[in-house]
2 protein chains.
Amino acid sequence: MNREKDLPTLYWKNHTLYLIDQRYLPGRIEYRICRSCPDVADSIKEMTVRGAPAIGISAAFGLVIEAGSALKSGLSTEKMIEKITLAGAELIKARPTAVNLAWGVERMLRLAAVNSKLPAQELLNRLEEEALAIYEEDVRNNRLIGRFGAELVPDQANILTHCNAGALATGGYGTALGVVRAACEEGKQIHVYIDETRPLLQGARLTAFELYHEGIAATLITDNAAGYLMALGKIDLIVVGADRIAANGDAANKIGTYGLAVLARYHQIPFYVAAPLSTIDRDLACGSGIVIEERCLTEVTHLEQCRVTVAGIKAFNPAFDVTPAGLISAIITEKGVIRQPAAEKIAALFTA
Amino acid sequence: MNREKDLPTLYWKNHTLYLIDQRYLPGRIEYRICRSCPDVADSIKEMTVRGAPAIGISAAFGLVIEAGSALKSGLSTEKMIEKITLAGAELIKARPTAVNLAWGVERMLRLAAVNSKLPAQELLNRLEEEALAIYEEDVRNNRLIGRFGAELVPDQANILTHCNAGALATGGYGTALGVVRAACEEGKQIHVYIDETRPLLQGARLTAFELYHEGIAATLITDNAAGYLMALGKIDLIVVGADRIAANGDAANKIGTYGLAVLARYHQIPFYVAAPLSTIDRDLACGSGIVIEERCLTEVTHLEQCRVTVAGIKAFNPAFDVTPAGLISAIITEKGVIRQPAAEKIAALFTA
């Protein structure tokens, strides 16, 4: 099976968005069908679709669906724009940390604003083209990220990754896993250690699934084992994705990433963040402004439906943490690699 | 409910060892009845009983059971000693990392050697007294560890702990949790963050259970969240137990402990190891000689009986890691606190 081709993260057909339901992978393969924008918002909220780039793309298609239903109701272009503006605000609320969600919505609304004089049907066509462009650009950008990142990967490297920044987190190919894939495509012998990534086990469920089906050598570990492997000298580099990167390079990513970055510094192991420019929030000077989503406590207190701890115990379940730029060896983008990330270097990418 | 009193970790009655089955806590409360020494070995292997001191005590009782069955078979003192020597070797093999297991067995065999001229019934009595003494000493030592450790705990402290070094890991009271208990008994306001401790979730299942029933304020987190809490300034100190401490102070403990120690150093948070002298392996110069147990891979690939990752993926499941003495602010023992542990200071404790 070519997983990525046969089981795409998402696809668009007859004005409907199909999302592979990532809550059930790898045990059950099922597509969730989104026929309305609230369907898309719920899918993002409930993590049917997750990964910063993938939720940005999904949100864009959500607005196309909303525009389509406005057209069906016979609304004017102006009303259509009003509807998608409201729907966009709802989509952005679905999850607070990944900036790609807002980025995708804003890009669509900007296009609508520019084309506000077109007839409604024409605007709808433009919106659909734009969502497809966002989707295709994402895959293209990931391939570029992969190519730039692969230069940082030595042959025979043991790579540690956390969570899933793979094809499933994006339109395809992946950011952190894009780097792994590109290095493999260049003929390098690579082995990946996969953090299982509690609480939702995206490493065990999604990254292991992707790498196994791609035939890339990989070993699953508990998050607790990462430090031990570094102490044993078994990790050559770490690469992760990001959900929001501040203008100075501070990067929010799945909870546990920060701990890995500290461990990497202690062991003098390169720590890389792979993400498209759409993950960079230029309005945010530094990471302290990033809102950290806190998710349902049952993600910690229960496994599947089964309580694993004593009833009544308090819990705390932050979904992300922030790694300061000073702990990041380089950010790998589609425009190239920013070593020792800092505000000026990041700003320069946007004008390049 | 007074959990520790009403539900002891283990008890000895009519030449039978009763072990609370820690695999099923807190969901199901069940005692496993050990009527033979292989029952005890299996209970250690399968982690019905776990925690370095608790398995040392259990092994001692295992040898009493073995001696009792030798007596029943009408064997001589000499044959009884032969039988318990063989049984002791089997017990030690049950788990490789915690030294208390070997310590308990050796202490019992030393006693047998000294009393090898006694009639078999008399030797059996002495062995039973010795096992009970090991048990009672452990609880007494834990109270001393608690008292010494409490001096290191400021009022209003937020304490992070990993795995379970509580009453359930010992004869009672606990080592790391003994420090927490003693600080609370002194009237200090304490709050504990509990690492859930993948893969077997001893934090979620056992530590949360103990602290909740004792009314000590506690919050359960994923292991991944520990670094984030430290970055937020929410952790004042870390205290953990140990399974084996080398002569120089390097300490093996549950996988993930080493990562916490590195994070503690980075954030300048005190990192304490609480353990009785029986956990110190004076024959081992440093931690690199400690055998790290690797456990069944289904602990990582499955939750309960359910596979969470793709079939066929490789996994790695070390149960412990080693924290070098240089990362340990102090080792808390029943003979006092060793700050900045080093070989001479540790050796001095044994002659004091």
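What pLDDT does chain A average? Chain A averages 97, and 99% of its residues score at least 70; pLDDT is the predictor's confidence in each residue, from 0 to 100.

This is a predicted model, in which local features need pLDDT of at least 70 and side-chain atom pairs count only at pLDDT 80 or more, while totals for chains, interfaces and linings use all residues. Residues are numbered from 1 along each chain as its sequence is written, and side-chain values use heavy atoms, leaving out hydrogens and water.

**View 1. The two domains of chain A.** The contact (heavy atoms within 4.5 Å) takes 31 residues from domain 1 and 36 residues from domain 2.

**View 2. The salt bridge between the domains.** One salt bridge is counted between domain 1 and domain 2 of chain A. The term covers a side-chain nitrogen of Lys or Arg within 4 Å of a carboxyl oxygen of Asp or Glu. In chain A, the side chains of A:R95 and A:E293 form a salt bridge, at 2.8 Å from N to O.

**View 3. The side of domain 1 that touches domain 2.** In chain A, α1 (3–6), α3 (52–72), α5 (100–114) and α6 (120–150) each supply at least two residues of this side; helices are DSSP runs (H or I, at least four residues), numbered from the N terminus. The largest share, five residues, comes from α6(A).

Note on methods: Chains lettered and ligands numbered in written order.
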